[in-house]
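Hi there,

Here is the structure I promised to pass on to you. Have a look at it first, and my notes follow below.

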Amino acid sequence: RWWRWRRGCSWRSAARSPGLDSPGRAGPRAAADPRVQMPCFHLAKCLTSAFPNVHSMSRFHHTTPAACCYSKTQSGEKYTDPFKLGWRDLKGLYEDIRKELLISTTELKEMCEYYFDGKGKAFRPIIVVLMARACNIHHNNSRDVQASQRSIALIAEMIHTASLVHDDVIDDASSRRGKHTVNKIWGEKKAVLAGDLILSAASIALARIGNTTVISILTQVIEDLVRGEFLQLGSKENENERFAHYLEKTFKKTASLIANSCKAVSVLGCPDPVVHEIAYQYGKNVGIAFQLIDDVLDFTSCSDQMGKPTSADLKLGLATGPVLFACQQFPEMNAMIMRRFSLPGDVDRARQYVLQSDGVQQTTYLAQRYCHEAIKEISKLRPSPERDALIQLSEIVLTRDK
């Protein structure tokens with residue numbers, strides 16, 4: 001039923017305003033035109049009813065059509081770039097991760113340390129330490145990050161990297177972050193073992209924290225990663241269920257790690273369950289928006305920018321947000337989705353349909369709404385530079401080009 005919001009609305013003319021030519025930016029018309037707002041509200045309500053436990057978008061109809069992200073500091077203190085602010089607590093991040101691995105075998109050591117070369121964005125550790133400081137300041141105005149909270153940042157990056165190694169095996173990927181994947185250099189069997197070893201090292205570091213609540217929170221991430229991969233291997237014939245399936249997969253594979261890592265540091269720094277929920281909701285919404293934009297970039301960026309091949313999802317048979325939205329304008333895509341773009345020419349045809357449709361713009365707009373919700377949540381905390389940096393990170397999620 002939820003797809004019916006698309007019919008009879010004037011989205012197309014609004015979405016093609018000049019501000020939407022860029023893949024990560026929404027122009028002012030997209031944010032202010034009520035013809036654009038209302039379809040998304042109907043979409044939000046339908047998604048909430050279809051998938052209430054993970055994607056709660058029901059409060060969107062209470063928001064104003066103002067821009068969803070702020071560049072201006074709200075705390076009154078001198079503002080610093082969020083990445084510079086976060087790196088204060090992450091000096092030696094990758095060296096510390098390599099120490100956690102403690103591997104004596106040379107080849108296995110090379111495989112496990114391959115992606116911990118300091119060239120990644122460290123997006124997840126940055127969010128984690130900023131959230132830790134924001135929650136500590138909110139609770140008792142403490143300006144320090146606890147050692148256990150910093151450990152969560154390391155653990156989050158280790159879990160994320162282990163999942164990348166395993167994903168590349170499943171997808172038979174040949175490049176990642178601008179270089180060959182572990183499975184292409186050392187083979188699939190050894191890559192699987194390397195991913196397992198990174199995950200086991202993360203588990204040992206987690207156990208060392210000694211907080212059973214935090215252990216429970218982060219072990220949920222590992223379960224979600226596996227369940228998300230199984231969801232990605234399947235698909236829904238029913239169009240009405242297809243988008244909810246996609247969003248559930250997106251939460252489990254991407255957003256769960258960010259959401260639960262944020263919740264873990266809030267538990268370590270503040271006893272208030274309300275703060276724990278704020279941290280979780282911020283991470284969940286930013287995480288989903290991050291993946292939605294990643295799915296947009298698969299159609300709008302070049303391979304050099306992304307550090308991996310573009311149109312990769314189509315080649316893997318995956319129907320992401322831009323494809324599902326485009327399918328409403330080009331119903332002939334349904335057959336291609338169900339056969340997972342397996343026939344010759346399917347990938348090229350599907351890509352052209354997406355670029356001719358408003359799929360990219362609508363997916364970008366949906367990502368904006370998730371970021372809006374993230375900002376609503378984090379704004380409940382006491383003003384601080386770290387809280388404002390988390391607001392700014394929401395904007396960076398939407399405007400990134402790789």
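**Helix 8 and helix 11**

The axes of helix 8 and helix 11 (residues 212-233) approach to within 12 Å, crossing at roughly 15°. Axes here are lines fitted to C-alpha atoms, for helices over the stretch in contact, and angles run from 0 to 180 degrees between N-to-C directions. Helix 8 and helix 11 are therefore roughly parallel to each other; angles under 35 degrees count as roughly parallel, over 145 as roughly antiparallel, 65 to 115 as roughly perpendicular and the rest as oblique. Helix 8 passes helix 11 in a right-handed crossing (a crossing is right-handed if the near helix is turned clockwise from the far one by less than a right angle, and left-handed if anticlockwise).

On the helix 8 side, the residues that meet helix 11 are Ile 152, Ile 155, Ile 159, Ser 163, Asp 167, Ile 170 and Asp 171. Their partners in helix 11 are Val 214, Leu 218, Val 221, Leu 225, Glu 229 and Gln 232. Contact means heavy atoms within 4.5 Å. By class, this contact of helix 8 with helix 11 holds eight nonpolar, two polar and three charged residues. Ala, Val, Leu, Ile, Met, Phe, Trp, Tyr, Cys and Pro count as nonpolar, Asp, Glu, Lys and Arg as charged, and the others, Gly among them, as polar.

**Before you read on**

This is a predicted model, in which local features need pLDDT of at least 70 and side-chain atom pairs count only at pLDDT 80 or more, while totals for chains, interfaces and linings use all residues. Residues are numbered from 1 along each chain as its sequence is written, and side-chain values use heavy atoms, with hydrogens and water left out.

**The chain as a whole**

The chain has 20 helices and two strands. Helices (H or I, at least four residues) and strands (E, at least two) are DSSP runs, numbered from the N terminus. Of the 402 residues in the chain, 57% are buried; buried means under 20% relative accessible area, exposed over 50%, and partly exposed in between (1.4 Å probe, protein chains only). Among contacts between residues at least 6 apart in sequence, 74% join residues at least 24 apart.

**Helix 7 and helix 8**

Helix 8 (residues 147-171) also packs with helix 7 (residues 123-140): their axes come within 8 Å and cross at roughly 155°. The two helices are therefore roughly antiparallel to each other, and helix 7 passes helix 8 in a right-handed crossing. Arg 124, Pro 125, Val 128, Val 129, Ala 132 and Asn 136 in helix 7 meet Gln 149, Ile 152, Ala 153, Ala 156, Glu 157 and His 160 in helix 8. That contact has seven nonpolar, three polar and two charged residues. In the loop between helix 7 and helix 8 you will find Asn 141.

**Two residues with positive phi**

Most residues other than glycine have a negative phi. Asn 141 has a positive phi, near 60°, and counts as partly exposed because its relative accessibility is 40%. Leu 102 also has a positive phi, about 45°. Leu 102 sits in the loop between helix 5 and helix 6 and, at 75% relative accessibility, counts as exposed.

Helix 6 (residues 106-113) has buried residues, namely Met 111, Cys 112 and Glu 113. The buried residues of helix 6 pack against helix 5 (93-101), helix 9 (182-186) and helix 10 (188-209).

**Helix 16 and helix 19**

The axes of helix 16 (residues 321-329) and helix 19 come within 8 Å and cross at roughly 125°. That makes helix 16 oblique to helix 19, and the crossing is right-handed. Gly 321, Pro 322, Phe 325, Ala 326 and Gln 329 in helix 16 meet Gly 359, Val 360, Gln 362, Thr 363 and Leu 366 in helix 19. Five of these residues are nonpolar, five are polar and none is charged.

Gln 362, in helix 19 (residues 359-378), counts as buried at 1% relative accessibility. Gln 362 and Ala 326 are 36 residues apart in sequence, with 9.2 Å between their C-alpha atoms.

**Cysteines**

How many disulfides are there? The count is zero, taking a disulfide as a pair of cysteine sulfur atoms within 2.5 Å. For Cys 270, the closest cysteine sulfur is in Cys 135 at 6.6 Å, too far for a bond. Cys 270 is buried at 3% relative accessibility, and Cys 371 is buried at 0%.

Best wishes
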